[in-house]
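Thanks for coming. Please have the structure open.

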Amino acid sequence: MHAPVLVLKDTLKRESGSKVQHANIQASKAVADIIRTTLGPRSMLKMLLDASGGIVVTNDGNAILRELDVAHPAAKSMIELSRTQDEEVGDGTTSVIVLAGEMLHVAEAFIDKKYHPTVICRAYGKALEDAVAVLDKIAMTVDVNDHATMLGLVKSCIGTKFTSQFGDLIADLAIDATTTAGVDVGQGLREVDIKKYIKVEKVPGGQLEDSKVLKGVMFNKDVVAPGKMKRKILNPRIMLLDCPLEYKKGENQTNAELLREEDWSVLLKMEEEYIENLCAQILKFKPDLVITEKGLSDLACHYFSKAGVSAIRRLRKTDNNRIARACGAVIVNRPDELQESDIGTGAGLFEVRKIGDEYFAFIVECKDPKACTVLLRGASKDLLNEVERNLQDAMAVARNIIKNPKLVPGGGATELTVSAMLKQKSSSIEGVEKWPYEAAAMAFEAIPRTLAQNCGVNVIRIMTALQGKHANGENAWIGIDGNTGEITDMKERKIWDSYTVKAQAFKTAIEAACMLLRIDDIVSGIKKKQAGAGGPSKPTIEEEGNADNENMIPE
């Protein structure tokens, strides 16, 4: 025989064939099992230690997987899934993973029987199309302005979270915040930018019940000179600047040689007059409150307090944008360009309050705020972080409904209906693809099954009863009440899911399952050699650069 030919370096590990697929499926199932218990109202919490030694206590699928450090490449891509889901629709992060894990699990049997992965993928693709069609069929539209329906909907989203024990509190906060910050883009569409215009301020202390949505904004700043400036102004005229109110230093280093002593005082005087002019330009508009993103010198501060104007300096840009949206002001870059229309008069009250041991400035009671702040109070840091995560999810759900007001039943009812319809359809499919298609239909039952498991009821009995109810695609609203484990009508229990979330979850899960099934080769152990070679040559370059700079200083 010939001597064996080495193609790959011996440092490389290569696995191929069905071994890889099994490994991928195992890995994905492991990831799914980690967060399986966090699905549904009776879910468990996970406690994670992050790199810096902090503790995260949560049952938000994405928050858990984000903290995990995973070695297996397939598991990494599973974690990406929940991230996509979180960024796209904000909720359903756990269900995506559970569903994808189950899809891969049912595919394992076919790989053992030597089915080709593309056949399985094709069947899955068909199943996905039909599933979305079924979703369209059972979805019902909802009136966005009906507070009670919205509340029920957001509550069913938070029902699975830790804050569910505080009842309507978080749901109310979420709905208030999203309806406040919603902007009509025309054609009856509403766009809600949660990240930009809804700020969540966490202030430890007090009770959770004290949390509220402010009709305006708050930020962690005090006025510049607390003793001299007013801390409470009714109907303030607010001016927002993003320029420094102090003497401008030259852009690059400037040297001035003075021969006479009085020139020095002239120079100082010029600086003072410059600031005085700035302040005069601003005070011409008689604002009650001047807010700047940059610095504010002592002298400017003195002029302001003399004129009875409160000033706040070094505000974050994002906060400034929010204030502009809330009180109708325009952020001005240079004091000379000020106009009357740039001044915000929409706010009803400016006030600095002390909460805990920090001062917070509130600009509240706005007439028509387009931005808002959610003030969260709570006993401890961990609790607040968890509440904030839940609030994010709730706001995302409210946003989805405002954007696309369609509902599907929750409590596993949707998945069961989809599953039943797919089973019916599978009999009309010819050829090899029929079996994987049927398996995909079975896989959808993972969600209600997990719900039942987490309630601690007799899973097999409940599942067969449910399948019986759904068998002919009728009563699509029968599902599991996650708290008691009873089989009930989801319409009566007001357990809903947003259509956007469900559709996205199905798509993400099935497409990911197809992608992982298609992998038949893993080559690991990337070349490290080249990277080492480029190392030592670097510092020398930098030194030459430094040498050049020395010569550039003018004599």
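**The chain as a whole**

Of the 555 residues in this protein chain, 49% are buried. Please keep in mind that this is a predicted model. The chain holds 20 helices and 22 strands.

How much area does the chain expose? About 28200 Å², with carbon and sulfur atoms supplying 52% of that.

Next, contacts. Take the contacts in the chain with a separation of 6 or more: 74% of them are between residues 24 or more positions apart.

**Confidence**

Since we are looking at a prediction, I will turn to pLDDT. The mean for the chain is 80, and 90% of the residues reach 70 or more.

Where is confidence lowest, and where is it highest? The lowest is in helix α20, residues 537–551, with a mean of 46. The highest is in helix α5, residues 117–138, at 90.

Please find residues 531–552 on your screen. Over that stretch pLDDT stays under 50, and the model has zero contacts there beyond four places in sequence.

**A patch on the surface**

Met 47, Leu 49 and Ile 55 make a nonpolar surface patch of about 350 Å². One of these, Met 47, sits in strand β2, which covers residues 46–49.

Is Met 47 buried or exposed? Its relative accessibility is 61%, and the cut-off for exposed is over 50%, so Met 47 counts as exposed.

That is the end of my part.

Technical notes: Residues numbered from 1 in each chain as written. Predicted model: local features only at pLDDT ≥ 70, side-chain atom pairs only at ≥ 80, totals over all residues. Heavy atoms only, no water. Patch = residues over 30% accessible without salt bridge, like charges linked within 9 Å, V, L, I, M, F, W, Y side chains within 5 Å. Areas by Shrake-Rupley, 256 points an atom, 1.4 Å probe, with all protein chains shown as cover. Salt bridge = Lys/Arg side-chain N within 4 Å of Asp/Glu carboxyl O. Helix = DSSP H or I, 4+ residues; strand = E, 2+ residues; numbered from the N terminus. Buried < 20%, exposed > 50% of the residue type's maximum accessible area, 1.4 Å probe, protein only. Contact = heavy atoms within 4.5 Å. pLDDT = per-residue confidence, 0-100.
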